[in-house]
Amino acid sequence: MTKTALIVIDVQNDFCAGGALAVPDGDAIVPGINAMMADFDAVVLTQDWHPAGHSSFASSHERKGPYDLIDMPYGPQVLWPDHCISGQSGAKFHKDLHTTPADLIIRKGYNPDIDSYSAFFENDKVTPTGLEGYLRSRSIEKLTMVGLATDFCVNFSAVDAAKLGFSVEVKMDLCRAIDLDGSLAAAKDAMVQAGVSLI
């Protein structure tokens, strides 16, 4: 029987109502995610975990604002408001998210020089987070992804997982998007092209 994992992406205070980078309606997905956890062989939570002054923060670049695009050594990078700073309240999981069932918490974006959207790789596309090895060691083959935001961290995680050979589905009703200049439509196309099932 195929073993399954629920991958819960970045359901953190800064991405929910009142947060530094709030995703519209982000809080609404929490009860549905909690209700699903018991249905999987493993539950993995990911957590954006940036040092202060991270290179992806607009505040780290003169004459740049949030959502500007710059070139980094690893490619184009959207600049964000300061968010999910390690150890601060914004980086904590939403208070209603059940964290006890989690088998693993993956923290990403802690390298000050490279952002990390994907649960599997930093944005240089080569530096692994360790999640793939964990899932392989558990003989997990099928992944269901939920969380924030559909068009960035969920998208990158799902595409990377599919490229690594996992069977991947994204429950769209338990994700919410930023939708920056058409990024949601582009993300949907990228996921479908990678072989991800959008359900």
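Author: Let's start with Arg-136, which lies over the face of Phe-166, at 4.2 Å from the ring centre. Keep in mind that this is a predicted model.

Reader: What makes Arg-136 count as sitting over the ring of Phe-166?

Author: The CZ of an Arg has to be within 6 Å of the ring centre and within 35 degrees of the ring normal.

Reader: How many aromatic pairs does the structure hold?

Author: Six. One of them joins Tyr-67 and Trp-80.

Reader: Why is the pair of Tyr-67 and Trp-80 called edge-to-face?

Author: The ring centres are 5.9 Å apart, within the 6.5 Å limit, so the rings pair. Their planes stand at 90°, and over 60 counts as edge-to-face, so that's the label.

Reader: What parts does this pair tie together?

Author: Tyr-67 is in the loop between β2 and β3, while Trp-80 is in the loop between β4 and β5, so the pair ties together parts 13 residues apart in sequence.

Reader: How do you know whether Trp-80 is buried or exposed?

Author: Buried means under 20% relative accessible area, and Trp-80 has 3%, so Trp-80 counts as buried. Tyr-67, at 38%, falls between 20% and 50%, so Tyr-67 is partly exposed.

Reader: Which residues form one aromatic cluster?

Author: Tyr-67, Trp-80, Tyr-117, Phe-152 and Phe-156.

Definitions and conventions: Residues are numbered from 1 along each chain as its sequence is written. This is a predicted model: local features need pLDDT of at least 70, side-chain atom pairs count only at pLDDT 80 or more; totals for chains, interfaces and linings use all residues. Side-chain values use heavy atoms; hydrogens and water are left out. Rings of Phe, Tyr and Trp (its six-membered ring) pair if their centres lie within 6.5 Å; planes under 30 degrees apart count as stacked, over 60 as edge-to-face and the rest as tilted. Helices (H or I, at least four residues) and strands (E, at least two) are DSSP runs, numbered from the N terminus. Buried means under 20% relative accessible area, exposed over 50%, partly exposed in between (1.4 Å probe, protein chains only).
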